[in-house]
Amino acid sequence: MSLFSDVVERLRALAFRRQDERDLDNELRFHLEMEAEEMRRKGIAPQEIRRRTVLALGGVDRTKEEVRDATGVRWLSDAWDDARFALRVLRQRPTFTVTAVLTLALGIGGTTAVFSAVDAVLIKPLPYGQPGRLVRLYYVDTRRKIDGSFVTPVHYLAYRDGLKSFESLAALNTYGESGGDITGDEGRGARRIHVLYVSRDYFDVLRSPLAAGRPFDAQDEVSGRAIVLSDALWRDRFHRDASAMGRTLTMNGVPYVITGVMQPGFTDPVVIGGAVDAWIPIDLAPGRIPSNVDNHYMTVIGRLRPGVTITAAQAELDALGVRLSAEYPHTKTVGAVLKPLKEDVVGESSRALQLMLAAAFAVLLLVCVNVANLLLVRGSERGREFALRGALGAGETRIVRQLLMESLVLALAGDVAGLVVAQLAMRGIVALGGGSIPRLTALSLDPRILGFSILISSVCAIACGLVPAMRAGRSDPNETLRGGGGESRSSTDGRSHARLRSLLVVAQVALAFVLVAGAGLLIASVRRLRELDLGIRAENVLTFELHLPEARYDSTARARTYEEVAHRLEAIPGVSAAGGVSKLPATGQYNIWGAEALSGPLAGTKSADVPAENRVVSGDYFKAVGIQIVSGRAFNAGDVPSAPRRVIVSQSLAKRIYPGVDPIGQTISAGDATCLIVGVANDVSVDAEGRAEDFVYHPHAQFAGDRNWALAQVVAATTSPEAIEADVRRVVTATDPELVMHHPMSLAEAIGRGEGQRTFTLRLLASFAAMSLGLAALGLFGVLSYGVKLRRREIAIRVALGAEARAIRRMVLRQGMSMTGIGMVIGLVGALAASRLMASLLFRVSPVDPRILASAACCLFVVGGLAAYLPASRASSVDPRTALQ
């Protein structure tokens, strides 16, 4: 018989086992009747016939076993019987079963969700053709000590035309979010969409073909009026109508010809979240591109030719940099550096995810310890059952196999429940970190992760059930039965069981201490961030973006409209001030331009030229966000385009370029213009971590002609931002029905988004810490409760001899707190070892801060005391008369 036929036959035998059993019974009955008939013909007495027929067959049961062994599926049959028996046993103890399954589900689900996130972000290759050849190119200027900056259009074109190591190079404008308002399409209202400006090579570099239509070509880079839609926008606006190709989509008042539609699920590699609604070619027409070689705003990605290494491409890039330095002498130290694209995309988030994975595995280990403890207690309670089965002939292997089957059934049930938990946890992870962790929105449960989950459940089954199963199999039936069943405290095995359970509780407390200490460090970091003085007032400030399309608003109209919107907003009851700014305060860098003193003692010196953040403001911006004008004045209606350029500088910049001199009335060069300083504002942090920066503020009325600044509006009120949002929306609509109030949120929320990764890590780690505390408390409570149950007779004797309830309670509490204390000491060592992993996520907090470690210890001490109090109270209330009876 071939192997295949053998397998088929065994499977058939397993599938039709009941039928085969009936056939076997019928066949044996037939043989017995035939044998009996033969004996009756020989005249044997009826009472002797049955004995002789059975002996002739060698025993009915023995014959059946031999037949079953011959089928080769007996082990599967036994496993099925064991599984049915396990289900029956677990149904008899619903509290134990539900507790164990839910505990396993939390551990398996949490670990699976976090592993899925790590897989999606760190392990999976980028979803593009041959992603290992993709690189990102960063601008480097050693003279100005700038490393890792954006690239200018001038240099991008030089790279695209001059580098041979690349199959193609693409440029993207990711300098801040680009949006567009689409209007007038099929009678729908205005809608803001996320637009990405890219060069013609973009889709070719990523090896991502379009689902319909064509990608951009050289002519599109000149006309700049083509557009490629995402599948979602195509579905929403055109219902997937193929005739949409060649039609126009009006955005910001400008018609764009639809040339193609991107594939469903396509995400951009460098945009966090990856969601883009449409792509528009960057206008690289000769003579129209910005010719300033200091205008850095392009992200450049490239695809290396087959066989070309990053080192070789870097060497060619360096050689080209030398030529460009000669061509542009004032930037003679300019250069570029290459970095693998995936490393660039996920680099900053890898540490946070690694920490989460470590925490998830710690919780899974804690869950295994907890379930093992539950099974140990459960096995101890079933001591009499195992002893009886052993006395009746069940071997050690049989008992161990049965208990492992019960563990496996529990693990499988936990796995099924864990998958549900994993799905919910993944949604939570995406909601918490989708805006700060790249590629997280692609998180999903794929077959590999499903296999990983099943592997986890199998490991859990072995880890949780092996030790109690082996101990149950090795127990002495005679000693157990003499002890009345269960676990005798006086026996050596009973003391060994108790020690093992105590060790498991100590391990739980130690793991919980590490997680609680880690969460405490992150909480302290976030609290330090919240306590920072950023130089602004973010409470009760509503902010939103407002873009005025060039097709309908020229520079004069834009300046007038922004001022008009601010005045109308200030008329809303409860609003104290309103204005606009090109980049919200404390949300990161934006426009770093040189600011040079043209007058004063440093004029003409190197110290007079410093980099500074430039902001364009309108309305009563300074008052709305609480930036004080410490000297001079704020901008007013007299700062019009026809007047001399005016600026307000920050205190730090004023002190740097005008030391010992009143800066009011001095002149500086900023934004390629000579500007008069009319005011000095207090210093403002450039990001949420309080990083200091010099600032130059320009009045939008005088700077509107520089470009179409889409100003973020800020509205300060006496009530919450949510309370005034409807009124603000009405004002915007009344100003222009086609304007879109984009991304409304509080200023505090906008600033907090800059700390997204730290907040994401904090929330997940805090969840794991809370879970570990609960599991540790549950484990301690279970061990002490079972100990009290075992020592009930001893406690009764103590009480009968005069022991006070207080002393009994203290005895149990002391036992619980001893385990908690030992666990905390071990956990302290683990927390110190894990501190290195957390160092990069902390802000002005030492990884070994003694106050936080002491707080974690106090937390564990309180939880341990609460978990031990109930068993201690129960022990102190033992009635000696009832217990001794």
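## A walk through the model

Start by selecting His 743, which is partly exposed at 33% relative accessible area (buried means under 20%, exposed over 50% and partly exposed in between, using a 1.4 Å probe and protein chains only). You will find His 743 in strand S23, residues 742–746 (helices are DSSP runs of H or I with at least four residues, strands are runs of E with at least two, both numbered from the N terminus). Check the backbone too: phi of His 743 is near 55°, a positive value in a residue that is not glycine.

A word on what you are looking at. This is a predicted model, in which local features need pLDDT of at least 70, side-chain atom pairs count only at pLDDT 80 or more, and totals for chains, interfaces and linings use all residues.

**Zoom out**

Of its 885 residues, 50% are buried. Now colour by pLDDT (the predictor's confidence in each residue, from 0 to 100): the average is 82, and 85% of the residues score at least 70. Residues 485–490 fall below 50, and beyond near neighbours in sequence this stretch has 18 contacts in the model (a contact means heavy atoms within 4.5 Å). Across the chain, 81% of the contacts with a separation of 6 or more join residues 24 or more positions apart.

**Aromatic stops**

The whole structure holds 13 aromatic pairs (Phe, Tyr or Trp rings, using the six-membered ring of Trp, with centres within 6.5 Å; planes under 30 degrees apart are stacked, over 60 edge-to-face, the rest tilted). Select Trp 593 and Trp 709: their ring centres are 6.5 Å apart and their planes meet at 65°, so this pair is edge-to-face. The two come from distant parts of the chain, 116 residues apart, with Trp 593 in strand S15 (592–597) and Trp 709 in the loop between helix H22 (700–703) and strand S22 (711–717). Both of these Trp residues are buried.

Phe 703 is buried, at 1% relative accessibility.

Next, pick Tyr 128, Tyr 202, Phe 203, Phe 216, Phe 266 and Trp 279, which ring pairs link into a cluster.

**Around Asp 220**

Is Asp 220 buried or exposed? With a relative accessible area of 6%, Asp 220 is buried; look for it in helix H9, residues 218–223. Its side chain makes a polar contact of 2.8 Å with that of Arg 214 (N or O atoms within 3.5 Å; within protein, one must be able to donate a hydrogen and the other to accept it, and residues adjacent in sequence count only if both atoms are side-chain atoms). Leaving aside neighbours within four places in sequence, Asp 220 is in contact with Arg 214, Pro 215, Arg 225, Ala 226 and Pro 281.

**Last stops**

Helix H7 (153–162) has eight of its ten residues buried, so it is largely enclosed by the rest of the structure. Among those buried residues are His 155, Tyr 156 and Arg 160.

Finish at Arg 207, in the loop between helix H8 (202–205) and strand S6 (212–213). Its phi is near 55°, positive in a residue other than glycine, and Arg 207 is partly exposed at 33% relative accessibility.

Methods
Residues numbered from 1 in each chain as written. Heavy atoms only, no water.
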